[in-house]
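Let me put the sequence and the model up, and then we'll walk through it together.

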Amino acid sequence: MRIDWQVIKSLLSKFEDESITEDLKTVGQLPDSIQLEDFEKREELKNEARNQEKIIFGHLLLCLDGDFVEGISIKTDGCFNYTYGMFSPRLTLKGHELLEKLRNQTVWARLKKGAVSLGAPITVETISAIATRVINEV
C-alpha cells in the first residue's frame, strides 16, 4: 500500500471533529440497497468495500505508528481482516500539527512541487521541513 496523504488528512480530521467512531462503523459495509439477486454487482461492491477497508485501516495503522492518534486498537490477520476497538479516540499534539500542515494549501502545493523536482518522497519529515521553511518565509 502506498501512503495517500489525502486519506491521512481525512482520518486526522475525523479524529479532530470526533466523528471517527461513527465513520469507522461504515467502513467495509455494503449499502443496504443491494439486491441479493444481483450476484455480480454484489461481488463487485464487496471487493470495493474490502479494498476501502484495507486502505482505511492500513492508513490508521500508519497514524498509530506515527503517534498521530491514540485510543484505537487495530488487529489484522494474515488475510487483511481487520478488527478494531476504540477507547476515547483522540488526535495527539503531533497529529494536530501534521493536520495543520496538510490543511495549509501553500505548504501542500510547495511540498508537492519540491518533492517532485527533487525526486524526494513525501514524508512527515519532508512535510515538516517545507512547512517550517514556508512559515519562515512569510
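So, to start: which residues does Glu-53 touch, not counting residues up to four places away in sequence? Glu-53 touches Val-27, Gly-28, Gly-58, Phe-80 and Tyr-82, where contact means heavy atoms within 4.5 Å.

Quick housekeeping before I go on. This is a predicted model, so local features need pLDDT of at least 70 and side-chain atom pairs count only at pLDDT 80 or more, while totals for chains, interfaces and linings use all residues. Residues are numbered from 1 along each chain as its sequence is written, and side-chain values use heavy atoms, with hydrogens and water left out.

Back to Glu-53, then. Glu-53 sits in helix H3 and is buried, with a relative accessible area of 16%. By buried I mean under 20% relative accessible area, with exposed being over 50% and partly exposed in between, using a 1.4 Å probe and protein chains only. Gln-29 is 24 residues away from Glu-53 in sequence, yet their C-alpha atoms are 8.8 Å apart in space.

Now the overall layout. The protein chain has six helices and two strands, running α-α-α-β-β-α-α-α from the N terminus. Those are DSSP runs numbered from the N terminus: helices are H or I with at least four residues, strands are E with at least two. Of the 138 residues, 32% count as buried. If you take contacts with a separation of 6 or more, 61% of them are between residues 24 or more positions apart.

On to the strands. S1 (residues 69-76) and S2 (residues 82-91) pair in the antiparallel sense over seven bridges; for pairing, DSSP has to find at least two bridges between two strands. Val-69 has Leu-91 in S2 as its bridge partner, and Ile-72 has Met-86. The hairpin has five residues between the strands, and Phe-80 there takes a positive phi near 60°.

What about the packing of H1 on H3? Their axes come within 10 Å and cross at roughly 75°. Axes here are lines fitted to C-alpha atoms, for helices over the stretch in contact, and angles run from 0 to 180 degrees between N-to-C directions. H1 and H3 are therefore roughly perpendicular to each other, which is the label for 65 to 115 degrees; under 35 is roughly parallel, over 145 roughly antiparallel, and the rest oblique.

On the H3 side of that contact, His-59 is one of the residues that H1 meets. His-59 is buried, with a relative accessible area of 1%. Beyond four places in sequence, His-59 touches Met-1, Arg-2, Ile-3, Asp-4, Val-7, Ile-8 and Leu-11.

Last stop, the largest nonpolar core: of its 26 residues, Leu-12, Leu-24, Leu-60, Leu-98 and Leu-102 touch the most other members. The largest share, six residues, comes from H1. A core here is a set of buried Ala, Val, Leu, Ile, Met, Phe, Trp, Tyr and Cys residues joined through side-chain atoms within 4.5 Å. Leaving aside neighbours within four places in sequence, Leu-60 is in contact with Leu-11, Phe-15, Leu-24, Ile-72 and Ile-74.
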